[in-house]
Amino acid sequence: MPPHDQPSTSSKNPVPREAFATSLGAVVVALGSAVGLGNIWKFPALVGQNGGAAFVLLYLVCVAGVGLPVLIAELQIGRRARANAVSAFRKLAPGKGWRLIGISGVIAAVIIMAFYTDVAGWVYSYAFKALTGGLAADQTGAIFDQTIGSPVSSLIWQYLALAVPTIVVIMGVGKGIERVIKRLMPLLLTLLIICGIRALSLPGASEGLAFLFRPDLSKISATVVLTALGLAFFKLSLGMGAMLTYGSYMSDAQSIPGTAAKVVIADTLVSLLAGIAIFPAVFAFGYAPTEGPGLLFVTIPSVFAEMPFGAVFTFLFFVLTAVAATGAMISLVEVPVAFIHETLGWSRRKAGLWTAAVMALLGVPAALSTSVWSSIKPFGLTFFDLFDFVSSNILLPVGGIGIALFAGWVWSKDLFVKSVSNEGSLHNQGLMSAIHGLLRFATPVAVTIVLLNGLGFIKI
Ligand code: PHE
């Protein structure tokens with residue numbers, strides 16, 4: 001999403017490329033990609049299904065140990081190449097197979113959107129329901145089942161959720177979204193904090209907190225480790241070129257490590273806040289933490305129900321969640337659009353429409369898998385779960401391995417350190433050489449082991 005039409009200062013690129021207006025704007029837009037349904041919907045659902053605090057702990061380790069270095073590498077690859085996810089690798093390492101990383105990213109974007117738009121559609125519909133009084137507190141479970149169980153209305157809401165980011169991407173975004181996201185993010189945070197305080201004041205809240213923060217290490221298994229790693233990639237929008245594409249719009253003066261650190265910290269705080277808003281309520285109202293995808297949709301309306309202006313809060317909550325989801329979807333649509341626009345020379349409009357058409361098509365099996373197609377299970381998973389699993393737990397980690405190997409082996413330590421320190425003007429050389437070492441050895445080896453172990457190819 002290129003929110004400013006100033007040509008970049010990169011001399012190698014003959015076509016003037018767009019660039020972010022300000023350094024803060026660049027951070028906010030990258031954060032806009034990271035923060036989304038991953039924090040508010042997926043994080044709590046997975047924490048609940050994978051044993052609570054032990055999973056949170058593993059997730060934090062993955063974010064800090066793998067997510068942060070890969071994010072730095074991915075942003076830097078984009079900024080150095082000043083190109084889309086596929087062309088970037090072709091430009092930086094011509095003639096080699098590295099562009100497969102970008103191609104797998106374009107494919108991942110489409111697969112993620114297939115189920116992401118489905119959930120975003122539920123969120124949009126909940127905002128509407130809250131507005132029209134359709135969220136009776138004592139029926140939240142039934143309302144959720146009805147929402148996902150109706151194929152036609154799910155598809156309509158899903159397509160609406162797909163149309164919004166597509167339009168934004170086609171418009172080329174301008175300064176608008178940068179400004180919108182900058183204003184709305186603090187509002188979302190405030191609301192999450194209110195929600196958290198409210199949840200903490202419920203009787204029995206401490207049980208929820210303990211579930212979230214007191215780890216029971218016996219809950220850890222190979223699949224749980226892979227799930228935590230997959231979530232870290234999904235959360236930080238890594239391994240599929242979204243951050244690479246955004247990095248390509250960042251100025252040469254931007255601190256890439258600083259941007260990455262801010263994104264990682266802020267994004268993680270939002271996830272933890274969402275957990276604090278949801279788990280005390282889960283236990284207070286007697287829901288099962290293992291509920292999965294429905295957790296957000298059944299607990300949040302219940303949390304707000306008895307509060308003064310509860311309906312207003314619920315409405316605001318889902319509107320802001322919709323905004324967060326839209327910010328993430330914009331980056332998902334932008335990956336194929338930037339690629340098609342720059343390599344085939346199609347207009348952003350044509351590229352956007354075709355991208356949305358493919359996403360809409362693949363969205364159908366995802367949407368129907370919670371209703372009429374719920375018994376169709378390739379590889380033992382519904383289409384919804386399959387798309388989620390293949391993207392988060394396979395394509396993104398594999399893309400992450402590729403990015404780490406690229407930054408660690410194609411780039412020498414000198415080149416890496418020079419470019420992420422902005423030619424020595426940032427005094428982070430020691431730390432960045434260590435990060436280069438991580439990317440060269442530890443990251444690819446660790447991710448490969450977790451991947452093979454989680455998929456059952458090796459046993460540790
Ligand atoms: N990070 C987004 C979220 O947490 C999802 C996303 C994944 C966006 C991959 C872009 C790329 O909701």
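Visitor: At roughly what angle do the axes of helix H4 and helix H5 cross?

Guide: This is a predicted model, in which local features need pLDDT of at least 70 and side-chain atom pairs count only at pLDDT 80 or more, while totals for chains, interfaces and linings use all residues. Residues are numbered from 1 along each chain as its sequence is written, and side-chain values use heavy atoms, with hydrogens and water left out. Helices are DSSP runs (H or I, at least four residues) numbered from the N terminus, and axes are lines fitted to C-alpha atoms over the stretch in contact, with angles from 0 to 180 degrees between N-to-C directions. The axes of H4 (residues 85-92) and H5 (residues 99-131) come within 7 Å, and they cross at roughly 180°.

Visitor: How is H4 oriented relative to H5?

Guide: Angles over 145 degrees count as roughly antiparallel. Because the axes cross at roughly 180°, H4 is, relative to H5, roughly antiparallel.

Visitor: Which residues of H5 make the contact with H4?

Guide: Contact means heavy atoms within 4.5 Å. From H4, the contact is made by Ala85, Val86, Phe89 and Arg90. From H5, the residues are Arg99, Ile101, Gly102, Ile103 and Val106.

Visitor: Where is Ser421 found, and is Ser421 buried or exposed?

Guide: Ser421 is found in the loop between helix H17 (413-420) and helix H18 (429-454). Buried means under 20% relative accessible area and exposed over 50%, with a 1.4 Å probe and protein chains only. At 1% relative accessibility, Ser421 therefore counts as buried.

Visitor: Which residue's backbone oxygen does the side chain of Ser421 reach at 2.8 Å?

Guide: A polar atom of the Ser421 side chain lies 3.3 Å from the backbone oxygen of Lys418. At 2.8 Å, the side chain of Ser421 reaches the backbone oxygen of Val417.

Visitor: What is the phi of Asn422?

Guide: Asn422 is also placed in the loop between H17 and H18, and Asn422 is buried, with a relative accessible area of 11%. Although Asn422 is a residue other than glycine, its phi is positive, near 50°.

Visitor: How many residues does the largest nonpolar core have?

Guide: A nonpolar core is a set of buried Ala, Val, Leu, Ile, Met, Phe, Trp, Tyr and Cys residues joined through side-chain atoms within 4.5 Å. Among the residues with the most contacts inside the largest core are Trp41, Tyr116 and Phe297. The number of residues in this core is 151.

Technical notes
Helices (H or I, at least four residues) and strands (E, at least two) are DSSP runs, numbered from the N terminus. A polar contact is a pair of N or O atoms within 3.5 Å; within protein, one must be able to donate a hydrogen and the other to accept it, and residues adjacent in sequence count only if both atoms are side-chain atoms. Angles under 35 degrees count as roughly parallel, over 145 as roughly antiparallel, 65 to 115 as roughly perpendicular and the rest as oblique.
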